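Have it open while you read, and tell me where you disagree.

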Amino acid sequence: MVDSQVVLNGQTIAYTCYAIVMILLVGWFGFRVTRTGRGNKVSHALFYSFTGLLVVLGVSLHIITFNTIPWASMDINRDGIKPDKVFDISVENHQFRLPSEKLVVNVDDKVLFNVTSADLTYGFGLFRTDNSMLFQMQVVPGHRNDILWQFSKPGVYTIRSTEYSGPKGAAMILKDAVKVVAR
Amino acid sequence: MSFKDTFLNGEQGLFKAGGLTPMQKLVLRFVVFGLLYYGIVVIEGMIMRIYQVEPISSIPSPQYFAILTAHPLVGIFGSTYSIVFGAFLFLVPFLMKKPLWSFKLANWTFILIASGTFVFWLSGFLSHYAPLYTLYWPLPADFSQFNPLGGTFFVAGIALVMTGTAFFVINVFKTITYTPDGWTKQPSGALLGSALGVTGLSNLFRKKDEQQEHLVPLPVAAIARGSIDTALNAGIILFTGVLILVYLIGHLLGFDLKNSAVDALLYKNWFWWGLDLIADGLVLIFVAGTWYLLATLITGKQLFMQNIARAALLVELVVSWTVWSHHLLSDQAQPNMLKIVSGELVTAFELITQGLAFFITLATLWSARPLKMTNPLKFLLGGLLGFALAVPAGIMQADIGLNRILHNTQWIVGPHVHVAILVGLTMTLYSAIYFLFPILTNGAKLYSQKLANFHFWAHLIGGIGMGAFMGMAGLKGMLRRTLYFNGEFNLYMILAAICGSLLLLAFLAFFYNIVMSVGIKGVIGIFTPSRLDKKELLPTEAK
């Protein structure tokens, strides 16, 4: 599966280009609107073309990501996918309780993290050693919170609560709790 | 004039508070309190920016999270609601060419919002009650972390603000539809239909010579539609507040209710449904309406594609009722259908409605060129740019795939939330303030154009810069709503703090400029009673 860092890099490039173009466009408009010139009237055709572009952009974003980001379809269809490994994790009083001290998985295994909360709403996220995020989900009390993930390369990951659960929540960190090893 | 004279009496002594109508004074009181609360929010923001670089030893972490809780609420209710409601309570009767329905109710709106904000801010400050604005169940009723008495006052403060909000909504709709004394009977049903966009929608399907007349100006229609979301939001927040109060007071009286009696996911759904009526309804609709008003006032021209603009506002209203699920894309128990339809597809409509408002405003401005680059125009362009950057950032995170790696990171709160509010919304409000300033002050002159220019550039660069550096940290994995103690993201946080300090300097320059324009005596005079008629918006000689 494609690493989530690759997707983030793609997003960074796309949004940065968009932001620069938009700043330049408004800057250009601000300059030109103070100058005389022909063609003050904006055509309706341009307006409707712009509307069409917005519709295409709004819809195509989700179609593209659904077909290119592998965990999107896997997440939606996870009930029908048999995991290679399941970890049942519980959370209570701002503490994660793991089935073992370290969670060890093999590269390319499909792993299901099933997290339950006995009191508050928490988050469950895995982070790389450089603090960047691999993935996260919410952990809502009284409900099933599970995420299926396929690890693409060996590594060590830290578990961290990704949702605010009061001041104590900032300390909900289990360093290097997940180890992914080559087969 | 000497510095002392200007400081006391304002620029050239032009501002005379004694000549203001009660409505002018009321609106200026709204603005003064709105700006004071904005100042508090900026200072709070700077404290948090510094804390993210290096935790401040004199501020314990519970205090930090109390600030984090109060910060957005003071910003939205204390500052934005004050300025927006004040301006709209003036603009609705001004544009409808009839008196406000109830001056008394408007005054109560001001009192309740100003005092309610102070009550919840103070209770959070003193008791460290910090369940965040999200109030995820059962955190607001977690008495192992929070003081129930502090929580009770906190919720009571919010309830005061919501009551003031309800009064505002009643006043807006009554002003649109009522018949003033001595007038011929007003067609209240047709006025309401026009305000809600029914006329604009039906005109799309009629031939040009059969189209119905718009009885309500477009900005008033936008205010009316945004007010519906405002009312629904107030209802949801009040309902949730009562629920939390039951648990808080129950605990104070010695019996604890079971937290599991409330389904945390259902609660999250209804609360986000209500909150999104502000974030995705009220803000976008009110802002689009304000853009249209400013564009027509600046240019003196008709709005480009007016019927489409009216219809888009109606679409936005319906969209705002059905988009809440994009906040629950990381909630695995949330049904997939809601995630895809509400969270992704309907949310994408906001790109369309806001994009149309962006285009229509620019096309209207373009039709009147050459325009002079006045303060209202430059701040309006800043506001347009803010939403042009922030809305697509929001659409990206409202995607099942991307949300998995963006949710609750600094990306959400940086390029999306802060750029939308600080650059998009606040610069639009500044545009309106600069435009209305001479009208509301009967011709007072701005003290310094250089300070206004500094205000513009420092705010624009500070706002976009802060959002950008927060966003970069978010893409590197930095979470919002938590603390880092080992300098993991210091480079980005230092750069964001530098940009934040630009925002603070911009605000100080603006505040100083306004105080020097009206003088200290003028500021005090705003809070003294007016002897003029409460029904009059402007003094007779100013009309």
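The points below go from the chain contact to the domains and then to one helix pair.

1. Before anything else: this is a predicted model, so please read each point with that in mind.

2. Let's start with the contact between the chains. Chain B puts in 66 residues and chain A puts in 66 residues. On chain B, the elements that each supply at least two residues to the side touching chain A are helix 3 (61–96), helix 9 (264–299), helix 11 (336–366), helix 12 (375–397) and helix 13 (400–406). Which of these gives the largest share? That is helix 11 of chain B, with twelve residues.

3. What is that side of chain B made of, by class? Of the residues that touch chain A, 40 are nonpolar, 14 polar and twelve charged.

4. Now the domains of chain B. Domain 1 is assigned in two pieces, 1–58 + 409–543, and domain 2 runs over 60–323. The C-alpha centres of domain 1 and domain 2 of chain B are 21 Å apart.

5. As for how these two domains of chain B meet, 32 residues of domain 1 contact 35 residues of domain 2. On the domain 1 side, helix 2 (22–53) and helix 14 (410–440) of chain B are the elements giving two or more residues. Helix 2 of chain B gives the most to that side, with 18 residues. Sorted by class, the domain 1 side of this contact in chain B has 22 nonpolar, five polar and five charged residues.

6. Chain A also has two assigned domains in the record used here, domain 1 (4–68) and domain 2 (83–181). In chain A, the C-alpha centres of domain 1 and domain 2 lie 37 Å apart.

7. Last, have a look at helix 3 of chain B again, this time against helix 4 (residues 103–127) of chain B. Their axes come within 10 Å and cross at roughly 170 degrees. An angle over 145 degrees counts as roughly antiparallel, so helix 3 of chain B is roughly antiparallel to helix 4 of chain B.

8. If you want to check that pair by eye, the residues from helix 3 of chain B include B:Ala66, B:Leu73, B:Phe77, B:Gly78 and B:Phe85. From helix 4 of chain B, B:Ile113, B:Phe120, B:Trp121 and B:Gly124 are among them.

Definitions and conventions: Residues are numbered from 1 along each chain as its sequence is written. Chains are lettered from A and ligands numbered from 1 in the order in which they are written. This is a predicted model: local features need pLDDT of at least 70, side-chain atom pairs count only at pLDDT 80 or more; totals for chains, interfaces and linings use all residues. Two residues are in contact if their C-beta atoms, placed from the backbone, lie within 7 Å. Helices (H or I, at least four residues) and strands (E, at least two) are DSSP runs, numbered from the N terminus. Ala, Val, Leu, Ile, Met, Phe, Trp, Tyr, Cys and Pro count as nonpolar, Asp, Glu, Lys and Arg as charged, and the others, Gly among them, as polar. Domain bounds come from an automatic or database domain assignment. Axes are lines fitted to C-alpha atoms, for helices over the stretch in contact, and angles run from 0 to 180 degrees between N-to-C directions. Angles under 35 degrees count as roughly parallel, over 145 as roughly antiparallel, 65 to 115 as roughly perpendicular and the rest as oblique.
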